[in-house]
Amino acid sequence: MVRRTKEEAQETRSKILEAAEQAFYERGVARTTLADIAALAGVTRGAIYWHFSNKADLVQAMLDSLREPLEELAKASESQEELDPLGCLRSLLVHLFRQVATDPKTRRINEILFHKCEFTDEMCDLRRQRQMASIDCNSRIELTLSNAIHREQLPSNLDARRAAIALHAYIDGILGQWLLVPDCFELYKQAEIWVDTCIDMLRLSPTLRSPELNRA
């Protein structure tokens, strides 16, 4: 009975997330109410509050579901024992671009994040969560780049922190542009080109280097 109850609770949670994704995608986050989501999911508002605190919590749960498949590659690139951290990072980014281009669910959730999620007063919790996630992402990229420097895959005097911020902004820019104007370029076919362009920037850009950081 306990197992069945847990399974039913998980099923309800999944239905709520699917309904929220549909509603947010069609109406935008700000214009969607919890009552709208409850009606789509066929549950009560109380059921939503049992699983999620508010709309910000729902959006964050959707985003978390996208991170899990990429965690293995991300952790590998961050490990000091990884012999090819830059290769792991490249594989992760190519996979990310192609996943957004081919998987409808991944694309919808990213469209919600980039173009249908307004940081109104109601969504201040989500804004804080996204700020923290952005800082964490920058730190993880910086760790990967530091590992690549250690493995002599990137210049010894690369400013890893500044390069991490530039890489993060580049990724967001490519995704945001394609999601807004998908006919502008073929994200799936050109995924490797876009990623290699960014890696070339890390390797060759003199403005991302700091003489005082020369580790040679």
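**Figure 1. How much of the protein is buried.** In this predicted model, 39% of the 216 residues count as buried. The secondary structure comes to 10 helices and zero strands. From the N terminus on, the elements read α-α-α-α-α-α-α-α-α-α. The C-alpha trace spans about 60 × 40 × 35 Å along its principal axes. Take the contacts with a separation of 6 or more: residues 24 or more positions apart account for 72% of them.

Figure 2. Glu21 sits in helix α1, which covers residues 2-27. Is Glu21 buried or exposed? Its relative accessibility is 4%, and buried means under 20%, so Glu21 counts as buried. Which side chain does the Glu21 side chain join in a polar contact? The partner is Arg108, at 2.6 Å. Now leave aside the neighbours of Glu21 within four places in sequence. Glu21 is then in contact with Met62, Lys105, Arg108, Ile109 and Ile112.

Figure 3. Thr32 is found in the loop between α1 and α2, and α2 covers residues 34-41. Thr32 has a relative accessible area of 1%, so this residue is buried. The Thr32 side chain reaches the backbone oxygen of Ala23 at 3.3 Å. Which residues does Thr32 contact, leaving aside its neighbours within four places in sequence? They are Ala23, Phe24, Arg27, Ile37 and Lys55. Lys55 is 23 residues from Thr32 along the chain. The C-alpha atoms of Thr32 and Lys55 are separated by 8.8 Å.

Figure 4. An unreviewed UniProt entry places the feature "DNA-binding region" at residues 33-52. The span is 75% helix and 0% strand. Its end C-alpha atoms lie 13 Å apart. Gly46 lies in helix α3, residues 45-51.

**Figure 5. Helix α6 against helix α8.** Two packed helices are described by the angle between their axes and the distance between the axes. Helix α6 covers residues 85-102, and helix α8 covers residues 124-150. Their axes come within 8 Å and cross at roughly 140°. The two helices are therefore oblique to each other. From α6, the contact uses Pro85, Leu86 and Leu89. From α8, it uses Thr144, Leu145, Asn147 and Ala148. How many residues of this contact are nonpolar, polar and charged? Five are nonpolar, two are polar and none is charged.

**Figure 6. Helix α7 against helix α9.** Helix α7 covers residues 104-115, and helix α9 covers residues 160-180. They pack at an angle of about 105°, with their axes 10 Å apart. Angles of 65 to 115 degrees count as roughly perpendicular, so α7 is roughly perpendicular to α9. Which residues make the contact? Helix α7 supplies Arg107, Asn110, Glu111, Phe114 and His115. Helix α9 supplies Asp172, Leu175, Gly176, Trp178, Leu179 and Leu180. By class, this contact has five nonpolar, three polar and three charged residues.

**Figure 7. Asn138 and His168.** Asn138 has its place in helix α8. A polar contact of 2.6 Å joins the side chains of Asn138 and His168. Leaving aside its neighbours within four places in sequence, Asn138 is in contact with Ala164, Ile165 and His168.

**Figure 8. Glu152 and its positive phi.** Glu152 is found in the loop between α8 and α9. Most residues other than glycine have a negative phi. What is the phi of Glu152 near? The angle is near 60°, a positive value in a residue other than glycine. The relative accessible area of Glu152 is 74%, and exposed means over 50%, so Glu152 is exposed.

Terms used. Residues are numbered from 1 along each chain as its sequence is written. This is a predicted model: local features need pLDDT of at least 70, side-chain atom pairs count only at pLDDT 80 or more; totals for chains, interfaces and linings use all residues. Side-chain values use heavy atoms; hydrogens and water are left out. Helices (H or I, at least four residues) and strands (E, at least two) are DSSP runs, numbered from the N terminus. Buried means under 20% relative accessible area, exposed over 50%, partly exposed in between (1.4 Å probe, protein chains only). A polar contact is a pair of N or O atoms within 3.5 Å; within protein, one must be able to donate a hydrogen and the other to accept it, and residues adjacent in sequence count only if both atoms are side-chain atoms. Contact means heavy atoms within 4.5 Å. UniProt positions are given in the numbering used here, feature names are shortened, and annotations may be inferred rather than shown by experiment. Axes are lines fitted to C-alpha atoms, for helices over the stretch in contact, and angles run from 0 to 180 degrees between N-to-C directions. Angles under 35 degrees count as roughly parallel, over 145 as roughly antiparallel, 65 to 115 as roughly perpendicular and the rest as oblique. Ala, Val, Leu, Ile, Met, Phe, Trp, Tyr, Cys and Pro count as nonpolar, Asp, Glu, Lys and Arg as charged, and the others, Gly among them, as polar.
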